[in-house]
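Please walk through the model shown below. The text takes up strands and helices, then charged pairs, the ligand site and a few single residues.

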Amino acid sequence: MKTIKLREGKERSLLRRHPWVFQGSVAKGGADAGETVRVESASGEFLAWAAFSPSSSIRVRAWSFDEAERIDAEFFARRIAAAIRLRERLAIQSNGVRLVHGEADGLPGLIVDRYADTLVAQFLSAGTDKWKAVIADALLAATGLTRLYERSDSGVRQLEGLGPATGWLRGDGPTTVELTESSWRLKLDVAEGHKTGYYLDQRDNRADFARWVRQLGAQRVLNCYSYTGGFSVAALAGGATEVISVDSSGPALARASEHVLLNGFDPAHHTALDADVNATLRQLLKDGKQFDAIVLDPPKFAPSAAHADRASRAYKDINRLGLKLLAPGGLLTTYSCSGGIGAELFQKIVAGAGMDAGVDAYIVKRLEASPDHPTTICFPEGEYLKGLALLRA
Ligand code: SAH
């Protein structure tokens with residue numbers, strides 16, 4: 001077993017059970033990609049068992065802070081079982097569930113979503129990549145399922161020195177699956193969809209949105225960055241009659257239109273617009289349009305805190321336009337999934353947008369990811385999705 005010795009004072013974050021050690025904190029030692037190492041303080045105390053990543057600035061990701069624990073197949077089986085147990089305790093009302101959410105589940109770099117009878121995994125770190133086969137077997141054993149699709153095609157793998165890897169890891173068959181969320185039928189393709197196929201983190205927010213649309217009697221709904229129309233289906237379920245889904249992905253919009261039919265809604269109540277959101281918002285404003293409810297759920301504008309400035313301007317711009325397009329009394333639900341933009345900063349950005357738009361609004365709810373995307377108190381960096389539900393004053 002190789003040992004990584006930290007520099008003086010750099011043991012603090014591991015002692016607080018934060019699982020990362022950056023390159024600059026390592027004094028001595030090295031290992032192969034994904035190899036398990038013993039991490040110790042400058043004075044030689046045990047800190048963690050961890051996976052080494054020679055090319056990443058996050059040089060070490062801790063598996064365990066317990067010196068007696070061994071990092072082996074049983075370890076992964078235990079962690080996966082604990083993650084699944086948490087979802088059972090959370091009683092998620094859907095067969096689309098995030099089963100493993102990386103660091104928060106003690107498995108840094110591993111994402112696993114369950115869509116009905118199909119598992120989809122992303123192995124995003126050198127450590128999880130090394131243990132891929134063991135993890136795959138443990139996932140099947142813990143769930144009793146037979147199909148596991150790999151979607152390790154995220155750009156973050158490059159930072160770990162890993163290329164993309166996709167395809168069936170276990171089992172095979174069609175890659176299109178259907179899930180039930182709220183009472184809605186939603187289809188996705190685990191091979192072609194974004195990320196693992198669908199955005200499960202917005203599940204509860206879509207359900208809330210349907211309730212708000214119903215409660216407010218909102219008819220005209222604009223769903224920006226709609227992907228496959230989850231919020232559009234929610235709006236139709238809430239009784240909206242003029243729903244526009246805007247996205248720059250043609251295949252995602254085709255699926256959105258399919259979802260309207262699949263759920264028995266009138267296709268005349270829905271328009272799919274293949275366009276840039278920013279340009280669309282400007283055009284709608286020019287045309288004098290107004291909406292009773294608007295969703296702004298853009299992709300990650302700030303991949304890290306270093307991009308926060310530019311991203312802040314981009315968020316402010318779409319929120320300014322969104323607020324201006326809101327009919328008096330209308331609802332705006334606005335999100336950021338940028339880890340580099342905290343909830344407090346996001347609220348400030350939206351406040352700035354309101355100032356520029358000349359619009360005030362009540363914050364009716366602060367929004368976050370569904371609870372199967374947990375955040376732990378030791379790893380607050382894991383929190384990425386934040387949003388606000390605003391009612392125009
Ligand atoms: N709200 C969705 C998830 C949105 S993900 C849901 O509930 O499932 C972000 C979406 O933004 C993606 O579908 C992507 O295709 C789209 N997108 C990214 N940049 C865009 C742009 N400039 N204009 C329009 N859509 C864009």
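Helices (H or I, at least four residues) and strands (E, at least two) are DSSP runs, numbered from the N terminus. This is a predicted model, in which local features need pLDDT of at least 70 and side-chain atom pairs count only at pLDDT 80 or more, while totals for chains, interfaces and linings use all residues. Residues are numbered from 1 along each chain as its sequence is written, and side-chain values use heavy atoms, with hydrogens and water left out.

Y227 lies in the loop between β14 (220-224) and α7 (230-237). Its phi is near 50 degrees, a positive value in a residue other than glycine. Most residues other than glycine have a negative phi. Y227 counts as buried, at 8% relative accessibility; buried means under 20% relative accessible area, exposed over 50%, and partly exposed in between, with a 1.4 Å probe and protein chains only. K195, a residue other than glycine, also has a positive phi near 50 degrees. K195 is placed in the loop between β13 (184-189) and α6 (203-216).

Strand β13 also holds K187. This lysine is partly exposed, with a relative accessibility of 24%. Not counting residues up to four places away in sequence, K187 touches T176, V177, E178, R255, E258, H259 and L262, where contact means heavy atoms within 4.5 Å. With one of these, E258, K187 makes a side chain to side chain polar contact of 3.2 Å. A polar contact is a pair of N or O atoms within 3.5 Å; within protein, one must be able to donate a hydrogen and the other to accept it, and residues adjacent in sequence count only if both atoms are side-chain atoms. Elsewhere along the chain, A306 is 119 residues from K187, and their C-alpha atoms are separated by 36 Å.

H259, which K187 touches, belongs to helix α8 (residues 250-262). H259 is buried, its relative accessible area being 0%. Apart from neighbours within four places in sequence, the contacts of H259 are R185, L186, K187, T228 and V233.

Next comes a sheet. Five strands form an open sheet with mixed pairing, in the order β7-β8-β9-β10-β11; two strands pair if DSSP finds at least two bridges between them. At its edges are β7 (96-101) and β11 (165-170), each of which pairs on one side only. On average, neighbouring strands of this sheet are turned by 20 degrees against each other, direction ignored. Axes here are lines fitted to C-alpha atoms, for helices over the stretch in contact, and angles run from 0 to 180 degrees between N-to-C directions. Strand β7 runs antiparallel to β8 (residues 110-115), and 5 bridges join the two.

How many salt bridges does the structure hold? There are 26, a salt bridge being a side-chain nitrogen of Lys or Arg within 4 Å of a carboxyl oxygen of Asp or Glu. One joins K5 to E40, with the closest N and O atoms 3.2 Å apart. K5 lies in strand β1 (residues 2-6) and E40 in strand β4 (residues 36-40), so this pair ties together parts that are 35 residues apart in sequence. E40 is buried, with a relative accessible area of 12%. A network of salt bridges links K5, R38, E40 and E67.

R151 and D153 form another salt bridge, with 3.1 Å between the closest N and O atoms. R151 counts as buried at 5% relative accessibility, whereas D153 counts as partly exposed at 36%. In a further salt bridge, the side chains of K316 and D356 meet at 3.3 Å, N to O. This pair links distant parts of the chain, 40 residues apart: K316 is in helix α10 (residues 308-325) and D356 in helix α11 (residues 343-357). Both count as partly exposed, K316 at 30% relative accessibility and D356 at 47%.

The last topic is the ligand. Which residues are the closest of those that surround the ligand? They are R206, D247, D276, V277 and D297, out of 15 surrounding residues; a residue is near a molecule or strand if one of its heavy atoms lies within 4 Å of it. A polar side-chain atom of D297 is 2.7 Å from a nitrogen atom of the ligand. A polar backbone atom of V277 lies 3.0 Å from a ligand nitrogen atom, and a backbone N or O atom of S248 lies 3.1 Å from a nitrogen atom of the ligand.
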